[in-house]
Structure formats: structure tokens, C-alpha cells
Amino acid sequence: MSKYDVIVLGSGPGGYVTAIRASQLGFKTAVVEKENLGGVCLNWGCIPTKALLKSAQVFEYLKHASDYGLSVGEYDKDFEAVVKRSRGVAEGMSKGVQFLMKKNKIDVIEGFGKLQKGKKVLVTAKDGSTTEYSADNIIIATGARSRELPSLPQDGKKVIGYREAMTLPEQPKKMIVVGSGAIGIEFAYFYNSMGTEVTVVEYLPNIVPVEDEEVSKQLERSFKKSGIKVMTSAEVTKVDTAGEGVKATVKTAKGEQVLEADIILSAVGIKTNIEGIGLEDVGIATDRDKILVNDFYETNIPGYYAIGDVTPGQALAHVASAEGILCVEKIKGMHVEALDYGNIPGCTYCTPEIASVGLTEKKAIEAGYEIKVGKFPFSASGKAKASGNADGFVKVIFDAKYGEWLGCHMIGAGVTDMIAEAVVARKLETTGHEVLKAVHPHPTMSEAVMEAVAAAYDEVIHL
Ligand SMILES: Cc1cc2nc3c(=O)[nH]c(=O)nc-3n(C[C@H](O)[C@H](O)[C@H](O)COP(=O)(O)OP(=O)(O)OC[C@H]3O[C@@H](n4cnc5c(N)ncnc54)[C@H](O)[C@@H]3O)c2cc1C
């Protein structure tokens with residue numbers, strides 16, 4: 001039986017990053033993967049969706065070329081080619097992970113891994129053969145899949161999840177997107193840009209419900225302007241797939257309404273991959289669909305760890321990677337700090353983009369802070385105006401007493417690349433005045449951060 005220092009179950013951004021860090025730390029490491037290296041993120045999540053969204057963005061630029069003084073003659077989209085490009089990008093990224101595994105001398109074991117007692121993993125290969133491996137440390141990083149609601153069972157054809165949504169053979173004419181978290185919103189934007197008639201149905205009162213309310217409202221305005229129908233405080237109670245398309249019964253305060261479409265995309269969250277992997281055999285504790293871990297990702301059974309989407313933190317790729325790195329560094333005996341889940345940035349890559357970190361205004365008030373709020377609209381930014389991207393704003397929230405930067409919320413072009421400034425500043429416990437005195441380059445969208453902070457302290461220049 002092959003023996004390792006570390007075996008990682010699953011090769012998503014949690015698993016493969018963990019394996020690389022483990023190898024860097026001198027551990028003999030293996031990764032077990034039943035599908036493609038790179039997990040959901042590289043194959044079915046972050047990366048292929050961003051490729052689709054880039055096509056949508058380029059298409060939007062073409063539609064608005066005359067706004068920039070350009071004429072482009074005839075142009076059209078080729079839906080099949082757009083999907084093909086996205087799949088090609090995903091494939092390339094997965095191959096990149098293959099290269100990284102080789103470079104870091106990590107053994108890749110293909111097959112379905114099941115935990116055994118005594119720190120062992122039984123791997124069943126595609127041909128049905130089984131091999132047992134053992135390790136001093138086993139890290140579970142088996143991720144998650146699309147969650148199914150009883151009222152919205154997925155048949156993969158008319159009621160689909162995200163995997164089908166990024167590989168549809170034909171573009172639907174009409175689509176209902178149920179759920180307005182990042183996944184639902186990104187697909188709503190993509191399909192609308194491509195020319196599909198899109199209706200978003202959200203159970204809660206606001207779309208992108210985890211975001212600051214002002215951001216949600218701004219996105220709703222932008223979406224409505226671009227032709228996306230938005231229904232909030234609305235619940236799909238029934239679907240009927242008999243006949244040509246699909247009918248969804250939607251309940252709102254005003255009563256019930258039946259919407260018709262070709263396809264319903266169910267984007268109502270995720271379900272962790274914790275079944276059949278031996279958790280019960282080993283005695284690993286779970287709660288509400290997640291594996292329970294301590295601050296350094298050890299489960300209740302010594303030697304077994306869990307990171308990424310299978311654990312209770314935010315289900316994001318960068319969280320999975322950060323958890324994995326901390327986990328193996330702790331195993332190595334390094335002095336590491338627990339992850340600050342209050343300082344994790346979240347991004348949605350529709351147009352306009354959304355990026356945020358820390359407390360929303362409502363949450364800051366609920367937490368008892370006396371706050372200072374500053375807001376700077378991109379309509380007052382020279383760079384945003386020059387780029388033709390004046391939609392949106394930066395909003396910052398500070399603790400009035402000590403100047404702690406409690407939250408940063410942005411909506412606009414390119415803001416997903418701007419949020420890291422707030423993450424680093426918050427990590428370094430930077431106060432508002434220090435951000436103000438850090439000179440930002442002109443003309444950039446990032447000046448809006450400095451100006452929003454200035455607005456919080458009544459020192460704004462360009463408003
Ligand atoms: C459409 C979509 C878009 C997204 N966009 C973003 C984004 O822009 N930014 C962001 O941060 N996050 C995004 N996410 C979330 C992100 O993809 C996940 O948070 C991330 O992939 C979680 O990483 P993970 O390593 O925990 O698990 P996963 O990426 O799910 O990887 C788990 C791996 O384990 C394998 N596996 C499972 N069980 C076994 C087993 N028993 N044996 C062997 N292998 C097994 C699976 O095949 C898979 O490869 C998106 C998700 C989706 C669905």
C-alpha cells in the first residue's frame with residue numbers, strides 16, 4: 001500500500017492548492033480526483049463563466065460601438081462558438097493544474113475516493129478496480145454541486161443547473177433564472193446580452209441579497225434598463241415541463257402568476273459532496289450539510305481534515321484555497337493565524353460588476369456601530385466617463401469612533417479588481433485618514449475609493 005504524508009480528496013481550488021502548499025512544505029503528497037483536475041472552479045464555475053461573460057461584454061461593446069465614435073459594420077454572435085471558447089478556456093486551465101501537479105511532484109490518483117478508518121483512502125478507478133492508500137493526514141476537499149429544490153427538480157433539459165447552463169447546445173429564447181446570488185445573476189446577464197429574454201425570480205426582497213441594499217437596488221435598475229425582468233419577494237412553487245417549453249408558477253404578495261419559458265435555470269445554492277465518501281464509517285461529524293472543523297480545519301477525528309465548499313465558510317474559490325494553505329501550514333507546525341471570515345471579498349461578474357468586503361450598512365448598524373458612510377458615484381469619475389462606464393458607485397463604511405474600515409461596497413466596471421485594496425487595508429487595520437493620504441493614480445476607477453473615503457470624512461473633492 002502506498003503511504004503518503006498528505007492525501008487530498010478532490011482537486012478543486014481547495015484541493016490542488018492544498019496539495020501544492022503541502023508539497024512545498026516537504027510533504028509526500030497525493031491528490032485523488034474522480035473527474036477533472038481543477039474542480040468546479042476551473043471546469044464548471046469561476047473560469048468558464050468568466051469566459052462566457054467576456055464574450056457577452058465584447059458583444060455589448062459591439063452593440064454600443066457608435067457611442068465610441070466607431071462603426072463596425074455587420075456583426076453577430078455565434079452562440080455555439082461562445083460556448084466552445086469557454087470550454088476551451090476551462091480545458092486549458094485544467095491542463096495547467098496537471099502541469100502544476102507534475103512540477104510539484106504530486107501524485108494524481110484518478111478515481112472515486114472513500115475514507116477508511118485508520119487514515120486510509122480506498123480509491124475506485126473508472127474500470128472498477130480498487131486500491132487502498134494511507135496517509136498521516138487526509139484532507140477532504142470534495143466540494144459541492146447544484147442544489148435541487150423539491151419544487152424545482154432538475155431534469156437537465158428544461159430545468160437545469162449551472163453545468164447545463166454553460167454548455168447548452170442552443171440558445172434559449174426565453175429563460176427564467178431562479179435565485180439571484182452570484183451564479184444566477186451572472187447567467188442572467190450573460191443570456192440577456194446574448195439576446196435571450198430573461199426573468200430573474202428571487203425569494204428575498206432584494207436581488208444579490210447578501211450585498212448592501214444600495215448595491216442591490218442599483219443592480220436592479222441596471223438590469224431593468226438592459227431588459228432583464230426582475231421579480232423579488234417571489235417564489236417558484238411549481239413547474240410544469242409537459243408540452244413545448246416550461247411553465248413556472250410564481251407566488252408573490254399580489255398572488256400567483258404563471259411564467260412561460262424554454263428553460264428554467266435553478267441557481268438556488270449548493271449541496272455539498274459528502275455522501276458515499278466514508279464520513280459515517282470514520283465517524284466524522286457533519287451539521288446542516290457541512291463537515292464540522294476547528295479553526296485549522298481538523299475534523300472531530302484526528303488526522304482527518306476538511307476544507308473548501310464542504311465546510312461552513314463562504315463557498316468561494318479563494319476561501320477554499322486559503323483554508324487549504326492554512327490547514328497544511330498548521331499540520332507542518334507553523335505558527336499561523338486563523339482565517340478572518342469577516343474579511344473575505346465577494347464578487348459578481350455581471351455588468352456592472354459588484355465587489356464587496358466587510359459589513360453592509362445595515363449589518364454595521366445592527367452590530368451596534370456608530371458609523372460614517374461615504375459614497376462616490378462613478379458618474380463623477382473622469383476615468384469612468386472616458387471609458388463610457390459611469391454606472392455605479394463606491395460606498396465605504398467606517399466606525400465613527402475609532403476609524404475602523406467596516407465595509408466597502410462597489411458596483412461598476414472593473415470593481416472586482418479594485419476590492420483587494422479594501423481587503424489589504426482592512427487586514428492592516430488602516431483607518432480612513434490613512435487611505436485618504438495614500439495617493440491614488442489619476443485617472444483610474446480606483447480614485448473613487450479614495451473619494452468615497454473622503455466623502456465619509458466630509459473631505460470629498462469631486463462632488
Ligand atoms: C457557476 C459557478 C461560478 C462560480 N464563480 C465563482 C467565482 O467567480 N469566484 C469564486 O470565488 N467562486 C466561484 N464559484 C464557487 C467556486 O467554484 C467554489 O467555491 C470552489 O470551486 C470550491 O472549491 P473546492 O475545492 O472546495 O471544491 P470543488 O471545486 O467543487 O472541487 C471538488 C473536487 O472534488 C472532486 N471529488 C468530489 N468527490 C470526490 C471523491 N469522492 N473522490 C475524488 N474526487 C472527488 C470533484 O470531482 C471536484 O473536482 C462558482 C461556482 C459556480 C458553480
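Domain bounds in this description come from an automatic or database domain assignment. On that basis the protein is divided into domain 1 (2-146 + 271-341), domain 2 (159-268) and domain 3 (352-456), and the C-alpha centres of domain 2 and domain 3 lie 29 Å apart. The model is a predicted one, in which local features need pLDDT of at least 70 and side-chain atom pairs count only at pLDDT 80 or more, whereas totals for chains, interfaces and linings use all residues. Residues are numbered from 1 along each chain as its sequence is written, and side-chain values use heavy atoms, with hydrogens and water left out.

Between domain 2 and domain 3, contact (heavy atoms within 4.5 Å) involves eleven residues of domain 2 and 14 residues of domain 3. The two domains bury about 1,000 Å² between them, 55% of it on carbon and sulfur atoms, where buried area is the accessible area (1.4 Å probe) that two parts lose on being put together, summed over both. Within domain 2, the residues that lose the most area to domain 3 are Asp212, Glu214 and Val215, which together account for 46% of what that side buries.

Four salt bridges are counted between domain 2 and domain 3, each defined as a side-chain nitrogen of Lys or Arg within 4 Å of a carboxyl oxygen of Asp or Glu. The side chain of Asp212 also forms a salt bridge with that of Lys395, at 2.8 Å from N to O.

Around the ligand there are 38 residues, of which Gly14, Glu33, Lys50, Gly113 and Ala317 come nearest; a residue is included if one of its heavy atoms lies within 4 Å of the molecule. A polar side-chain atom of Lys50 lies 2.8 Å from an oxygen atom of the ligand, while a polar backbone atom of Lys34 is 3.2 Å from a ligand nitrogen atom.

Conventions. A polar contact is a pair of N or O atoms within 3.5 Å; within protein, one must be able to donate a hydrogen and the other to accept it, and residues adjacent in sequence count only if both atoms are side-chain atoms.
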